[in-house]
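Subject: A structure for you to look through

Hello,

Here is the structure I promised to pass on to you.

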Amino acid sequence: MITGFFRRNSILLAFFGLCLLVVGLAMLELDKQYYQDRKGQLIRENVRFFLRSQVGDDAIDELERRAVDYLRASGNEERRRELEGWIDELLAREHFIYRIAIRAGEQDLELDAEPSLEPTEEVFMVDRRVDKFDDQHRFSNSLFLSDFSGMIDRPLDTRFGEDRNWRLVIHYTTPLGNPAIEELTRRYRWYALFLLALLSTLAWAAAHSLLLPLRNVLSALEESTPGHTVFIRHPGRRLESFYNRMALDAVIARLQGQLRDRIARRTELTGWEVVRLVCEAFREQADVPLVAALEMAVEGPGRLLPTGRFVSAGQAADDPGALVVRERLELALPADGRDQFVFDLTADRRTLDVHARLLVDPDRANIRYLVALGVHAGSEGWPAGTLDQILERLAALIESGLQTLGMRNRLLVQERGRANISLSRNLGHDLTNIIATSKLELLTLDRLLAGGAPPADERRRAILVESLRGLLRSVRFMQETVNLYRAYAYLQQPAMEMQDGNALVSETLELFSISISGRIQLIPQLAGDAPRCLVDPRLVKLALFNLFTNALDAIRRQPDVADGWIRIATGRGEDGGLLIMVSDSGAGILNPDGSRALPHEIEKIFELGYTNRRDESRGEGLGLNWVRTIVQDLHEGTIVAENTLEGGACFRITFPPPKPAPAEVGMR
């Protein structure tokens, strides 16, 4: 918990640490560069007065006399001890002098110069000091630091040696009890307080307007997941509001993608299911207190009646709270026919401000959808904006989904119409070939049996037997062809069976071979280790037959080319499942303008309603969208298309390996 707190607030803690450092440096700068400079100037201007009042002129004069006597005595040790004893006695008194020294020097020192605690080039004859800083620096005469010092440098009227001038150096610190210094300290303390308030205000403003929002945004991003977006509940700053708007845009975009994918994958999807899916997904991802929808039927001018379809996201249909929401929504319908209205709702001991809107189903003019959003009463709205704005976005998303669904349904009807036409054309073409072959066999039998009895010679009886076998084979092929096209009806309810992959391909090739001319070569390359797979054999044959038909059409569309080949290979995929490859010598996958499609353009051929033919009436097969539906949606496989270097196209289909039964998993 503590680690989580420091991790979430690391930016704020680092910022406040930096602010404390800046404040400390600013206080020190104010003390050293301004306060102590002003205090030093004040003390230097009055140092004679301070010496006279705190030390006394007699004591200073006695100090100078004893120093001169000592120097004139040419370094007599007894005189030195007397001088040091007098200096120690003088320093022990209560005044602001803390160091006295006798040094050799040629020039006067500045009165406010920093004293040299460790002599370097100077020669000190006597140097005595005591620590008076703590005693002399009090709250009344010091700002923050207690190291102020200055000095008095006075020449001594004597000579000691031949080349040295001796000087008396008196070091002092801040005197006590001086009204001017205390007044200066009070004034600068107010300055420090003002500077502290200014820096604190700036730090608070920076933290409040930038760092706190940044911390909240980072925390929300960290807590968000791909399926759930965390919003900042009470956005008070622009950065937080901007994040919430971006988060809402991300939720809407994610829902749009999910809705488009759901519409594209589910062929039997109604407008109500679109509304329900959006409401449930929006409630889950955005965590709005209430997202509900009610389907209504128009029973007359201004009269709407519930159809019984209702959803309250996050609640079961029979939940008491959901029943209250449903009843309140039905009662809240305005009698004046308004499409948008507001009302209060109390459920589960909470009061919600609810905004509702009526939407029209574009495909069913007599159906209305009542969509409602609710937030806790008294709150200013939802984090990403006012409830009206959010409801507008949600309604736009639902309307977009309904329009997409309607467009998909219309395309689906057109595609099914084209598929039915193609089915009829292909079925008629294939059955015509079979009937023609059967007719020839029947004519042969008629000639052989013209007399009503089987022929007597051996050669005619052999022809009779072969004709009967051909007729039976044609009837069987006719039944297989009918079964193949009947597989179209099993798209809704596939019946899975364990099948041999090579057998499926061989049977489809055998059936397809009777519908093509001898100039088109079928090249099977069936691997001996092709695995078995769990599929609906009718649908797989239908998908393969459609790929063969498309390959044949691609060969025929080449100008001045009457023959070609279609290669069908099987093998084992990377995951151990069945791999089927269908390639041809045709023109390849083309764009509508006739150019060869690039890799990123090829995926479009699997979209519903897509065609790359200028004359759509020449279309063959059920369409690659149906092939993808059979492979991916019904069998959880994959289908990939590409243009080959030889100029044709290649389709790679993989079916997953059969899942082991629960008993087998337990045995492993």
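Below are my notes on this structure, from the whole chain down to single residues.

Before you start, please note that this is a predicted model, in which local features need pLDDT of at least 70 and side-chain atom pairs count only at pLDDT 80 or more, while totals for chains, interfaces and linings use all residues. Residues are numbered from 1 along each chain as its sequence is written, and side-chain values use heavy atoms, with hydrogens and water left out.

**The whole chain**

The protein chain has 17 helices and 16 strands. Both are DSSP runs numbered from the N terminus: helices are H or I with at least four residues, and strands are E with at least two. Of its 668 residues, 43% count as buried; buried means under 20% relative accessible area, exposed means over 50%, and partly exposed lies in between, with a 1.4 Å probe and protein chains only. The accessible surface comes to about 36000 Å², and carbon and sulfur atoms hold 54% of that. Such areas come from the Shrake-Rupley method with a 1.4 Å probe, and for residues only the protein chains shown count as cover. Among contacts with a separation of 6 or more, 67% are between residues 24 or more positions apart; contact means heavy atoms within 4.5 Å.

**A five-stranded sheet**

Now find the open sheet of five strands, whose order is E11-E13-E14-E16-E15 with mixed pairing. Two strands pair if DSSP finds at least two bridges between them. At the edges are E11 (520-525) and E15 (638-643), each of which pairs on one side only. On average, neighbouring strands here are turned by 15° against each other, direction ignored. Axes are lines fitted to C-alpha atoms, for helices over the stretch in contact, and angles run from 0 to 180 degrees between N-to-C directions.

E11 runs parallel to E13 (residues 564-572), and six bridges join the two. Within this part of the sheet, isoleucine 523 is opposite arginine 567 of E13. Helix H13 (residues 501-513) packs on the sheet and touches E11, E13 and E14 (578-584), with its direction at about 165° to that of E13. Helix H16 (residues 624-633) also packs on the sheet. H16 touches E15 and E16 (649-655), and its direction makes about 140° with that of E15.

In the loop between H16 and E15 you will find glutamate 636. What is its phi near? The value is near 55°, which is positive in a residue other than glycine. Most residues other than glycine have a negative phi. Glutamate 636 counts as exposed because its relative accessibility is 58%.

**Strands around E9**

Next, look at E9 (residues 364-376), which pairs with E5 (residues 290-300) in the antiparallel sense over eight bridges. Here leucine 290 has glycine 374 as its bridge partner. E9 also pairs with E8 (residues 350-361), again antiparallel, over 10 bridges.

**Salt bridges**

A salt bridge is a side-chain nitrogen of Lys or Arg within 4 Å of a carboxyl oxygen of Asp or Glu. How many salt bridges does this rule give? The count is 23.

One of them links aspartate 88 and arginine 128, at 2.6 Å from N to O. Aspartate 88 is in helix H5 (residues 77-91) and arginine 128 in strand E2 (residues 123-129), so this pair ties together parts 40 residues apart in sequence. Aspartate 88 is partly exposed at 31% relative accessibility, and arginine 128 is partly exposed at 27%.

Another joins aspartate 536 to arginine 538, with the closest N and O atoms 3.2 Å apart. Is aspartate 536 buried or exposed? Aspartate 536 counts as buried, because its relative accessibility is 0%, whereas arginine 538 is partly exposed at 26%.

**A surface patch**

Finally, Leu18, Leu21, Val22, Leu25 and Leu28 form a nonpolar surface patch with about 440 Å² of accessible area together. Patches are made of residues with over 30% relative accessible area and no salt bridge, where like charges are joined within 9 Å and nonpolar side chains (Val, Leu, Ile, Met, Phe, Trp, Tyr) within 5 Å. Leucine 25 is in helix H2 (residues 10-45).

Enjoy exploring!
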